[in-house]
Amino acid sequence: MEKAIKRYFPIFVLPTMLAFTIGFIAPFLLGVYLSFCKFTTVTDARFIGLANYLKIFEENDFTHSLIFTVLFTIVTVLLINVLAFAVAMLLTKGFKGTNVFRTVFFMPNLIGGIILGYVWQLLLNGILAMFDRTLTYSATYGFWGLVILTLWQQVGYMMVIYIAGIQNIPGELIEAAKIDGATSPQILKNVIIPMVMPSITICTFLTLTNGFKLFDQNLALTNGAPSKASEMLALNIYNTFYGRTGYEGVGQSKAVIFFIIVTVIAMVQNKLTTSKEVQQ
Amino acid sequence: MRNVKRWLALSMVAAMAAGTLAGCGGSSSAAESAAPASSAAAESSAPAESEAEAPAEASAEGGKVYYLNFKPEQADQWVALAEKYTEETGVQVDVQTAASGTYESTLKAEMAKSDAPTMFQVNGPVGLASWKDYCYDMSGSKVYADLASDDYALIEDGKVQGIPYVIETYGIIYNKAILNDYFSKDYATIKSIDELNNFAALKTVAEEIQANKDDLGVEGAFTSSGMDSSSDWRFKTHLANLPIYYEYKDKGIGATDAIEGTYLDNYKQIWDLYINNATCEPSMISSKTGEDAASEFALGEAVFYQNGTWAYNDIKDNEVADEDLGMLPIYIGATGEENQGLCTGSENYWCVNSKADPADIQATLDFMAWVVESDAGREALANEMGFVTPFTTFDEYLPANPLVQANAEYTKAGKTAVSWNFTTMPSENWKNVLGSALLEYAQGTGDWDAVKTAFVDGWATEYAAANAQ
């Protein structure tokens with residue numbers, strides 16, 4: 001039986017492989033190729049070498065977006081994980097109504113980013129209007145607006161992952177620690193956190209990449225205003241590609257650079273946190 | 001084990017080859033424009049599907065029309081008109097409308113598809129530059145024959161590449177009832193609409209209305225100058241036309257690779273007037289939309305509203321009666337502006353996709369001819385959409401739009417219409433940067449020098465970028 005599976009597995013893999021190739025590998029390779037081309041529609045392109053890559057840094061909007069995105073990612077990764085972990089700790093204590101709270105916290109994640117963006121735009125503009133300001137008055141408002149929105153959306157999701165991690169800790173470990181006289185902070189630091197390290201790996205990975213790739217929320221909330229100051233990387237790429245005639249190739253090469261940055265950061269992060277994981 | 005690896009390698013190579021071939025199929029079919037791009041691309045990826053499609057296409061006499069419409073205001077009317085045409089002739093006509101401010105990106109995405117639009121729009125010479133490879137020469141077409149004058153069409157190297165289907169006019173739309181109310185007050189320095197024919201008078205009126213807004217029952221003289229993308233084109237494009245117009249006029253040119261900005265101070269004057277005498281604080285305009293301004297005007301909360309004839313659909317049937325709608329020229333304080341008329345021109349040119357199937361091209365040309373020649377088409381264009389067209393076939397079809405009539409009055413009075421020079425603005429990006437600078441200046445987070453830089457330096461760099469090969 002096992003031998004048969006081994007022999008025929010390419011046949012079983014083939015459909016997925018085909019789909020993966022058509023849906024991912026081929027567009028990706030085409031995209032890399034297009035980043036060296038000048039084109040209006042993707043179907044007729046002319047090879048021009050590295051010119052697109054040189055053009056990226058002629059203006060400082062890409063660098064600005066990069067800095068803005070990095071700051072945003074740092075803030076959200078920290079806040080989301082701390083908050084999600086805290087909520088998860090609370091909701092594993094066995095209070096009454098725990099399930100209701102878990103559902104409520106998780107629900108924002110089920111709403112699409114564009115809708116969330118517009119809803120929060122209305123909410124935040126409503127509050128800021130009292131001070132004669134709007135969300136797009138300056139990038140600072142946009143930045144914190146985005147942070148609030150992202151927290152609201154992602155804390156619930158990460159909370160679920162942390163809850164699963166915390167519930168997987170064997171009760172006897174904590175019991176043993178208690179018998180040995182460990183205080184609550186000590187249990188948290190020396191038992192719970194090392195035991196949920198796999199969850200932390202996943203959650204930091206997700207929040208990190210989500211932070212970098214954030215697009216619809218950004219589009220709906222501020223659309224980069226004012227003067228592209230609240231424009232994050234993904235939106236900057238989109239606007240370069242679609243917003244400027246003759247810059248399609250530049251947008252494409254920005255996308256390639258973006259891909260490399262996200263890949264490198266995600267791999268480094270994965271390596272760092274995985275090394276801290278412990279076996280039971 | 002080795003066997004398995006070989007299998008895996010083989011299948012991966014096969015999968016990859018299939019993927020690349022599919023990719024090649026798409027690009028080569030577009031390169032040879034004679035081949036119908038749609039069927040070639042479809043065949044390489046899904047032969048079964050294209051076979052199924054073929055008979056359906058044949059029954060529609062080999063041609064169909066896909067129109068990507070630029071004007072969201074008339075989206076529904078176009079769909080209805082297309083249905084009528086299909087009913088009459090059996091030819092399939094699809095109409096899609098891009099959301100406000102997304103036409104270029106939608107067009108770019110749609111053009112890359114196998115079922116690309118057969119009929120699309122460009123906004124003038126600059127828009128044409130990026131799509132000229134896709135423009136079919138319409139010199140032999142009926143629509144072109146119906147055009148009242150060659151001056152209207154976009155003609156390059158003897159090829160008729162774009163045909164405008166609407167002539168539009170913009171200025172400062174005003175509410176006659178409130179304005180007359182103001183004229184009758186003691187505090188009014190200006191006593192009649194005839195005196196309101198230069199910037200100084202406009203400024204006086206606006207400031208006096210603003211100061212007595214409670215007495216007049218309005219929220220402000222001007223509607224909010226929203227800088228949301230649904231509204232910012234009114235200022236970064238249409239208002240910016242005036243300083244460009246006067247500079248061109250002084251120099252006797254129709255386009256330039258470097259603008260000097262000689263009328264920028266006038267641009268600042270009028271912008272200051274707009275933002276300081278409006279229904280909202282200047283710090284709030286970044287999130288004000290086009291709908292906000294339209295509703296403020298339609299509900300009688302503001303007297304002045306800079307927009308054009310196309311706005312009639314949005315403001316009619318509300319608080320403001322049709323006979324109370326008037327339009328003033330935009331006065332910026334240039335010499336001799338007493339004789340200035342409204343801004344009249346077109347930025348809506350029909351183009352036919354030259355890379356579409358020949359049968360589809362023919363179907364598209366037939367559809368266009370039907371729109372400007374048949375009763376149903378003329379009725380829809382003139383009366384339902386409220387367009388003034390440049391075609392000779394429309395003599396008996398003048399729209400009931402009061403804003404259009406306002407323009408006719410100015411022309412009759414011998415005023416010189418301001419031409420639409422914003423079609424020569426070097427790029428979308430130039431407008432966007434200018435818009436951002438205007439906004440920052442209005443909010444107080446930036447200064448006027450940034451607007452100057454965007455206007456003058458931006459023009460030169462964008463012009464160079466857009467025309468570099």
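1. How far apart do the C-alpha centres of domain 1 and domain 2 of chain B lie? In this predicted model, the answer is 30 Å. The domain assignment gives domain 1 as 60-167 + 347-394 and domain 2 as 169-344 + 405-467.

2. Now to where these two domains of chain B meet. There, 13 residues of domain 1 are in contact with 15 residues of domain 2, and about 970 Å² is buried between the domains, with carbon and sulfur atoms giving 51% of it. On the domain 1 side, Glu73(B), Val126(B) and Glu347(B) lose the most area to domain 2, together 44% of what that side buries.

3. By class, the domain 1 side has four nonpolar, five polar and four charged residues.

4. Next, the two chains. Here 36 residues of chain B are in contact with 32 residues of chain A. The area buried between the chains is about 3,100 Å², of which 63% comes from carbon and sulfur atoms.

5. One salt bridge is counted between chain B and chain A: the side chains of Glu248(A) and Lys108(B) meet at 2.6 Å, N to O. Seven residue pairs are in polar contact across this interface, both residues at pLDDT 80 or more.

6. On the side of chain B that touches chain A, H1(B) gives the largest share, eleven residues. That side divides into 15 nonpolar, 14 polar and seven charged residues.

Notes
Residues are numbered from 1 along each chain as its sequence is written. Chains are lettered from A and ligands numbered from 1 in the order in which they are written. This is a predicted model: local features need pLDDT of at least 70, side-chain atom pairs count only at pLDDT 80 or more; totals for chains, interfaces and linings use all residues. Side-chain values use heavy atoms; hydrogens and water are left out. Contact means heavy atoms within 4.5 Å. Buried area is the accessible area (1.4 Å probe) that two parts lose on being put together, summed over both. A salt bridge is a side-chain nitrogen of Lys or Arg within 4 Å of a carboxyl oxygen of Asp or Glu. A polar contact is a pair of N or O atoms within 3.5 Å; within protein, one must be able to donate a hydrogen and the other to accept it, and residues adjacent in sequence count only if both atoms are side-chain atoms. Helices (H or I, at least four residues) and strands (E, at least two) are DSSP runs, numbered from the N terminus. Ala, Val, Leu, Ile, Met, Phe, Trp, Tyr, Cys and Pro count as nonpolar, Asp, Glu, Lys and Arg as charged, and the others, Gly among them, as polar. Domain bounds come from an automatic or database domain assignment.
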